[in-house]
Amino acid sequence: MCGYVGFSDARSAEEKNRILTPMMDRIIHRGPDMAGQYADDRMALGFRRLSIMDLSEAGAQPMKNADGSVVLVFNGEIYNFKALRAELTEKGYTFTSDCDSEVLLHGYQEWGEALVPRLRGMFSFAVWDVKEKTLLLARDPFGIKPLYYTRLPGGGLLFGSEIKSFLDYPGFKKEVNPNALRPYLSFQYAAGDSTFFNGVYCLPQGHYAVWKQAEDNLRIECYYDVDFAPDEQLSYEQSAELIDAAVHESVAAHRNSDVPLGAFLSGGVDSSYITACLMPENTFSVGFAQHGFDETSLAEDLSGRLGIKNYTKHVTADECFEAFPDIQYHMDQPQSNPSSVPLWFLAKQAREQVTVVLSGEGADEIFGGYELYADTPAMEKFKKTPRAFRRMLGGIAKAMPPFKGRNFLLKSAEAPENWFIGQADVFPVGEAEAVLKPAYKNGPAPLEMAAPYYANVQDRPELTQKQYIDLHLWLPGDILLKADKMCMAHSLELRVPFLDKEVMAVAARIPGRYSIRGTENKMVFRHAANKTLPDAWANRPKKGFPVPIRHWLREKKYYDIVRGYFESDYASEFFETDRLMKLLNDHFEGRANNGRKIWTVFTFLTWYKRFFIDEAA
């Protein structure tokens, strides 16, 4: 687990090394243990290391092969590196370290681009082929590890693990992407490949890119995509056994480490299942003492039953608001999922004891765990009426202004591609446009951004379509982004055993009827977990990571903080501030629950102030 930066331009190697130093300093949190640089007449690579495997100098990066013709920087973990190493050894390659990085180096020598589909793990890496003047960039199948890039005006690329490192590259033009704000207000994160920095993109999950100096073009290829292909011959019990075996095997693969590791633990089934499989020495939990937003007693109870020490942190509102500018700085882009706040404190607490943690992200997406995947009893009943009648009513509702029951008609009558954009839909499109200034209303509508993904699964069941959308938008843009950024801000490696190619291969085989029935969700997964967990943990309803923001925003102290942002000069560049103040005042005075909308705007303004005002261009 580390961080890297790189760029290709015509400067001398000496100049490149001078430029690399402040860029690397920006991301020292990703790798406080070691640093390294490489520069030649075309390429510069900088690396910050958090030592996890082979703590010796042999694991240092940038890593070169014996003749220096191939250079690597790599962030992540390869869980099948021992099998790949054995295969490469048989082919005559010699290894000088015990780390997984060297497998990527020799794997590229042997297979070139074809290396990437062979990998099992979480990764983001860059391989520079000195002789061929070719750069290979690659990102893992689920988007666990980040990789950003931008084209340089004079030709070449600027790339790295975090966008903030680009700020120290001479000539990088720091501008807000005017098309990012409109969809963000609905999604609560920067969805898709574009970012909030104009001209900066993220390499999509399951893709690699090849840049050749001679042509100065970037070719992007998809090497992995999820494919739900249910095996209807599987019984319920067989499905549970397959899931349980896959989860245990994945946790075993993810526990490989030369440094101490623990587990994040809430009161829910996902993290509890991981913990019970892993049996670490320590677990870590966080909650809020006020307003009933606290599951730490459940985590403490399970830890006690398993004989594991649990560390608990109760976070206050003062702590959250004080840390929030730093949270958004480390996030790189505005991301208003409230759970990023407790995750910041959870990671900080865990780093005091361990360097690696395992967590339960991904189970909901691949095993059908979200409420929006299921139909309410009323929806089930309504869906028994003829589809043509339902579509007619849905079409009428879609064309009308908001009214009570409109969402019910849309969700019951319309196909998911006409209403579902994932697990967050904070501002409906019309409300988002109403609060934005004209220059920022031109970004794509959320359903437009989801449409290409729906096209890939247009003939699949509704459950599969919803899962596919979440796996390509919500998971990499929200869940995994905050997991990586909040943990790496504290030099903590987070591993997610559910998001493993082998686990996904099992999940893809499970018939949908075993996951969703009425309002029940993730049924067969819970049954599998029940083989390891007590009933109370296996069957506990999903709560997510609740944060009492709606209560905080009704306290004068925190209302005043947000009001300061909403009434600022820079807020008026982007928003109709009178509309923002109405949202805030209506919430503060109890006339409406606008907590999530307020938080989403506040998050953007906090991010903007940190990057564009506190750090002036």
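In this predicted model, the loop between strand S3 (43-49) and strand S4 (63-64) contains Pro62, and the peptide bond that leads from Gln61 into Pro62 is cis, with omega near 0 degrees. Most peptide bonds are trans, and most residues other than glycine have a negative phi.

The largest nonpolar core comprises 186 residues, of which Phe125, Phe264, Phe566, Phe575 and Phe604 touch the most other members. Helix H16 (residues 462-488) supplies the largest share of this core, with 13 residues. When neighbours within four places in sequence are left aside, Phe566 is in contact with Ala571, Thr577, Leu580, Met581, Leu584, Ile598, Val601, Phe602 and Leu605.

Phe566 also takes part in the packing of helix H21 against helix H24. Helix H21 (residues 556-566) and H24 pack at an angle of about 60 degrees, their axes being 10 Å apart, and the two helices are therefore oblique to each other. The crossing in which H21 passes H24 is left-handed. On the side of H21 the contact is made by Ile561, Val562, Tyr565 and Phe566, and on the side of H24 by Ile598, Val601, Phe602, Leu605, Thr606 and Lys609; by class, these residues divide into eight nonpolar, one polar and one charged.

Helix H24 (residues 595-613) packs also with helix H23 (residues 577-588), at an angle of about 135 degrees and with the axes 9 Å apart, so that H23 is oblique to H24. The crossing of H23 and H24 is left-handed. Here H23 contributes Leu580, Leu583, Leu584 and His587 to the contact, while H24 contributes Gly595, Lys597, Ile598 and Val601. The residues of this contact between H23 and H24 divide into five nonpolar, two polar and one charged.

Conventions:
Residues numbered from 1 in each chain as written. Predicted model: local features only at pLDDT ≥ 70, side-chain atom pairs only at ≥ 80, totals over all residues. Heavy atoms only, no water. Axes fitted to C-alpha atoms, helices over the stretch in contact; angles between N-to-C directions. Helix = DSSP H or I, 4+ residues; strand = E, 2+ residues; numbered from the N terminus. Parallel < 35°, antiparallel > 145°, perpendicular 65-115°, else oblique. Left-handed = near helix turned anticlockwise from the far one by under 90°. Contact = heavy atoms within 4.5 Å. Nonpolar A, V, L, I, M, F, W, Y, C, P; charged D, E, K, R; others polar. Core = buried A, V, L, I, M, F, W, Y, C linked by side-chain atoms within 4.5 Å. Buried < 20%, exposed > 50% of the residue type's maximum accessible area, 1.4 Å probe, protein only.
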